[in-house]
Amino acid sequence: MTSQTAIDSTGPGGRTPADPSQGPPAEGLRGHPWLTLLTVAVGVMMVALDGTIVAIANPAIASDLGATFAEVQWITNAYFLALAVSLITAGKLGDRFGHRQTFLIGVVGFAAASGAIGLSDSIALVVVFRVLQGLFGALLMPAALGLLRATFPAEKLNMAIGLWGMVIGASTAGGPILGGVLVEHVNWQSVFFINVPVGALALVLGVLILRDHRAENAPRSFDLLGIALLSGAMFCLVWALIKAPAWGWGDGATWAFVLGSAALFAAFAFWETKVREPLIPLALFRSVPLSAGVILMVLMAVAFLGGLFFVTFYLQNVHGMSPIDAGLHLLPLTGMMIVGSPLAGALITKLGPRIPLAGGMAATAVAMYGMSTLETDTGSGVMSVWFALLGLGLAPVMVGATEVIVGNAPMELSGVAGGLQQAAMQIGGSLGTAVLGAVMASKVDSDLPVNWKEAGLPALTPDRLDQASEAVQVGAAPVGPGTPPAIAAKIADVAHDTFISGMSLASLVASGVAVVAVVVALFTKRGENADAGAGVGHI
């Protein structure tokens with residue numbers, strides 16, 4: 001192991017991590033690195049798919065269960081809240097009890113909760129089981145990274161993380177396609193039932209293949225107050241981001257949760273300096289590369305997930321595509337992530353993460369700028385160029401930032417580091433959707449009355465204007481029943497042009513965020529503790 005580490009990696013009583021040479025080598029299937037990668041990829045695929053596949057099923061769920069729009073929103077929000085709030089704590093559980101155990105529990109729980117959703121006959125039960133999905137998904141994700149970190153030698157870790165990122169990217173982007181096929185040709189329940197056989201496969205593979213790895217100085221106690229403070233802080237922050245579009249950024253309730261989150265984060269930071277075995281040792285952030293990796297993950301998610309949020313509305317509501325067709329049009333993005341992730345892993349192994357990460361975020365910035373030039377009649381070829389460039393830019397960032405965060409943490413904190421990586425991405429995605437959504441709403445509110453008047457359309461009352469603005473923000477034309485075709489066509493033109501102006505501004509903001517991320521990427525470097533992985537503490 002490298003003699004100089006990013007932080008003090010000695011454990012209680014001055015113990016040091018076990019020497020990488022200790023422990024028996026992998027025998028047969030058990031502990032085989034590439035089979036371990038296959039196993040964790042199958043499990044992680046469920047969680048990644050569920051992030052996007054369910055959105056396609058929401059209208060059918062609402063119709064079948066008689067749910068309101070607000071209730072349907074909770075299908076997504078409940079899952080996201082549970083996942084984001086519990087990721088770091090779940091990573092700590094893996095460090096304490098072993099990543100193999102937490103991974104298997106996560107797989108079984110996630111698959112069982114998915115099956116229970118398919119059997120639910122009320123929206124309340126769907127939401128409850130979505131919370132359980134999020135909690136078990138949080139157990140599964142950091143454990144997967146911890147297993148990869150412990151199984152692969154340093155020179156192959158980037159390639160493994162590249163393939164792992166490829167699975168996440170492909171699953172996330174492929175969710176709408178698979179969801180559209182299942183909802184259209186089977187039913188909405190099949191979107192959740194599909195996780196049951198996938199989970200069973202991951203469980204069988206996990207029992208046969210995964211080997212438990214624990215650092216010698218793994219944590220032996222739990223920081224219960226720290227868990228409570230961090231969970232409360234994360235909840236307030238994510239809740240504020242989720243509700244800000246409805247409440248408004250200037251609303252007192254929004255700022256009450258933001259300030260409450262800040263106060264709880266401050267209390268958490270203070271407590272972590274006092275407790276013997278903290279949930280997150282603050283010394284972890286003395287590593288500039290690790291801190292830069294976390295910030296980079298947030299910025300990447302803001303630019304990517306926030307910007308991509310509007311692209312789905314652009315394809316479906318402006319171009320009139322079905323969910324399946326919209327998903328197929330995003331295949332250049334998915335394809336470049338699939339191809340680019342393992343290549344990025346090899347490049348990062350050879351050059352280190354700094355140049356690939358900066359180059360990836362630069363490509364992302366150019367792609368988001370290109371997406372700001374899309375018009376209502378832009379052809380598929382032009383769209384494909386920008387989507388492909390976006391996928392090519394994101395691949396090294398998904399791989400490199402993950403390696404920077406996990407590799408710069410000591411082995412006994414690999415689960416916490418994995419939780420940090422996932423939490424950063426979840427918060428960044430929520431922040432991007434909220435902030436870029438606010439940019440979109442502001443632009444639409446400003447342009448719609450002017451465009452409406454210039455088109456010679458009948459004046460709207462303030463209430464009707466607000467309703468029209470909400471529809472236009474997702475690219476929909478606010479055409480009422482019985483509207484003459486000529487007037488309906490004018491309304492659609494105004495709605496789509498106004499939506500395009502808002503999406504263009506939001507894409508430019510996302511491009512600016514990506515430019516900032518280029519600078520942050522220059523502070524990253526190869527994980528100094530990555531070689532503490534394969535062979536440590538086999539159990």
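Buried means under 20% relative accessible area, exposed over 50%, and partly exposed in between (1.4 Å probe, protein chains only). The model is predicted: local features need pLDDT of at least 70, side-chain atom pairs count only at pLDDT 80 or more, and totals for chains, interfaces and linings use all residues. Residues are numbered from 1 along each chain as its sequence is written, and side-chain values use heavy atoms, with hydrogens and water left out.

**Exercise 1. Work out which face of helix α9 is buried and which residues lie on the face turned away.**

Step 1. Place the helix. Helices are DSSP runs (H or I, at least four residues), numbered from the N terminus.

Step 2. List the buried residues of α9: T254, S261, F268 and E272.

Step 3. Look down the axis. The buried residues of α9 fall within an arc of 55°, so they line one face of the helix. The arc is taken from the directions from the helix axis to the C-beta atoms.

Step 4. Turn to the other side. The face away from the buried side carries exposed G252, L259 and F270.

Step 5. Find a cover. α8 (224–247) is included in what covers the buried residues of α9.

**Exercise 2. Describe the surroundings of Y79.**

Step 1. Find its ring partner. Y79 and F110 form an edge-to-face aromatic pair, 6.5 Å centre to centre with 70° between the planes. Rings of Phe, Tyr and Trp (its six-membered ring) pair if their centres lie within 6.5 Å; planes under 30 degrees apart are stacked, over 60 edge-to-face, the rest tilted.

Step 2. Locate both partners. Y79 is in helix α2 (residues 69–97) and F110 in helix α3 (residues 99–119), 31 residues apart. Both Y79 and F110 are buried.

Step 3. Look for a charge. The charged end of R130 sits over the Y79 ring, 4.2 Å from its centre. The criterion is NZ of Lys or CZ of Arg within 6 Å of the ring centre and within 35 degrees of the ring normal.

**Exercise 3. Is T378 buried or exposed, and what is it in contact with?**

Step 1. Locate T378: the loop between α13 (354–371) and α14 (380–407).

Step 2. Read its accessibility. T378 counts as buried because its relative accessibility is 12%.

Step 3. List contacts (heavy atoms within 4.5 Å). Leaving aside neighbours within four places in sequence, T378 is in contact with Y314, H319 and M383.

Notes
Helix = DSSP H or I, 4+ residues; strand = E, 2+ residues; numbered from the N terminus.
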